[in-house]
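I opened the notebook to record what I looked up in this structure. The entries follow the order of my searches.

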Amino acid sequence: MDAQQNLARQFSALPEAWRAWLEENLARGCAPIDLVNILLREGLIDLNKDFSASTQAEEQHYRELEQAAAANPTQLNSVFPPEQKKWLAQAVLDGLSKADIYQTLSQQGLSEIDIALEWVQLKQHPYFQIAQEQHFLLKKRNWLLETLDRFARLNPDYQQIKRISKPTFSEFIQDYYSRNLPVILTDAIQHWPALHKWSPQYFKQTVGTQEVEVQFNREQDPLFERNSTQHKTKMQMNDFVDLIEQSQHSNNFYMTANNAKASHTSLAALFQDIDHFHGYTDHTQVYDRSFIWFGPKGTFTPLHHDLTNNVLVQIYGRKKVTLIPALQTPHLYNDVAVFSRIADPHQPNLVEAFPDFIHSSKIECILNEGESLFIPLGWWHCVESLDISMSVSFTHFNIDNGGAESFPSPS
């Protein structure tokens, strides 16, 4: 059988919804090769698949089993345990071939008639029909993000982080904020007293006797950032500074934005050292919408994205920041809220465990003292302190910075 006949047979064997999709897009004038590539990517066709008589007989065999099961709905009493039900549903959603599904489940001790009964029950279940619709919409949105990302990579500015002198606020909005592009401003806080005053000893002198909240025992928990509420503890700033200065390298303790609310009153004197930001922000909100980060060399914030646009200002020490564009979310194994299953995008052999990550692009920068990094909403990032580090992040821009309010909550 030649390749053309093989392909024609595979087209005729497509699920009804995909046949309708193919016919509609051919009628619209879409290039056939592009449609074939989509079907290949979805696993719906296989150019190497041999549609021999035995293959056709196998397909017909499965259809007859399912027709018999559908004709006897009283038999639809499932023998599948929950995990096998989930596996079957996911396999169907992922487009695994019927032959592979039957063979896999048969190897687990299930009879073909039981598999056929479960298949029919699954396909008829309204919950699964909704899942199919939502799965398609998710794939469509991922397709859109991936396609826009591919086009965005044609712009050199998309795959690097510029270091520039502070622009006017309107220029910043036009060139970066509205375009969802990060940028480092090299000279935006030269007038801040904090840049010239802050150090561990200054914190001791200014707020040393104040009780502050910090993250603690982080190294005992691989999911320390997700479980941040479980790692909160309080101590005097004097004791926290001593811990930091006695540690050469640690991720065990860190004052983060998650501790800001509990520590704001204690740290009030330090906010006097944070000056305006050239009209970018409403400075009357500096106390409520600015957050102090303080920790030893080695503190690490795992890969995540934020729900607002942020600026991270480096005041003391240096940080390495790794960013990944928001459009590459489909490749980043987002599993819970704003977190990725990939904690550290630099870990060795990462692609073996997370193969889709190969399609993402890491952009690294060192944030030096006095520099300010704009991190756009949705951009994935992880942060490592290269020295004892003091930073301030803020979100109170003089323009729309909504996002967190409408972020969906889990069902």
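How many bridges join β8 to strand β15, and do the two run parallel or antiparallel? I counted 5 bridges between β8 and β15 (residues 389-394), and the strands run antiparallel. I note here that the model is a predicted one.

V313 has V392 in β15 as its bridge partner.

Next I traced the sheet that holds both strands. It is an open sheet of 6 strands in the order β1-β2-β13-β8-β15-β6, and its pairing is mixed. I found β1 (163-164) and β6 (290-295) at the edges; each has a single partner strand, so one side of each lacks a neighbour in the sheet.

I looked up another sheet. This open sheet has 3 strands in the order β4-β3-β5, with antiparallel pairing. Strand β3 (residues 211-216) is joined to β5 by 2 bridges. F216 has F253 in β5 as its bridge partner.

I turned to the nonpolar cores. Which residues touch the most other members of the largest core? They are F172, W198, M237 and F277, out of 59 residues. Helix α9 (residues 169-177) gives this core its largest share, 5 residues. Another core lies apart from it and has 18 residues, including F80, L88, I101 and L105.

I listed the contacts of F277, leaving out neighbours within four places in sequence. F277 is in contact with L185, A188, I189, W192, V311, V313, S372 and F394. V313 in this list is the residue I had paired with V392.

Is H305 buried or exposed? With a relative accessible area of 11%, H305 is buried, because buried means under 20%. I located H305 in the loop between β7 (300-304) and β8 (310-316). Not counting residues up to four places away in sequence, H305 touches A337, V338, G378, W379, W380, H381 and F407.

My last entry concerns the surface. W143, L144, L148, F151 and L154 form a nonpolar patch there, with about 540 Å² of accessible area together. I placed L148 in helix α8 (residues 126-152). L148 has 40% relative accessibility and so counts as partly exposed.

Conventions. Residues numbered from 1 in each chain as written. Predicted model: local features only at pLDDT ≥ 70, side-chain atom pairs only at ≥ 80, totals over all residues. Heavy atoms only, no water. Patch = residues over 30% accessible without salt bridge, like charges linked within 9 Å, V, L, I, M, F, W, Y side chains within 5 Å. Areas by Shrake-Rupley, 256 points an atom, 1.4 Å probe, with all protein chains shown as cover. Salt bridge = Lys/Arg side-chain N within 4 Å of Asp/Glu carboxyl O. Helix = DSSP H or I, 4+ residues; strand = E, 2+ residues; numbered from the N terminus. Buried < 20%, exposed > 50% of the residue type's maximum accessible area, 1.4 Å probe, protein only. Core = buried A, V, L, I, M, F, W, Y, C linked by side-chain atoms within 4.5 Å. Contact = heavy atoms within 4.5 Å. Pairing = 2+ DSSP bridges.
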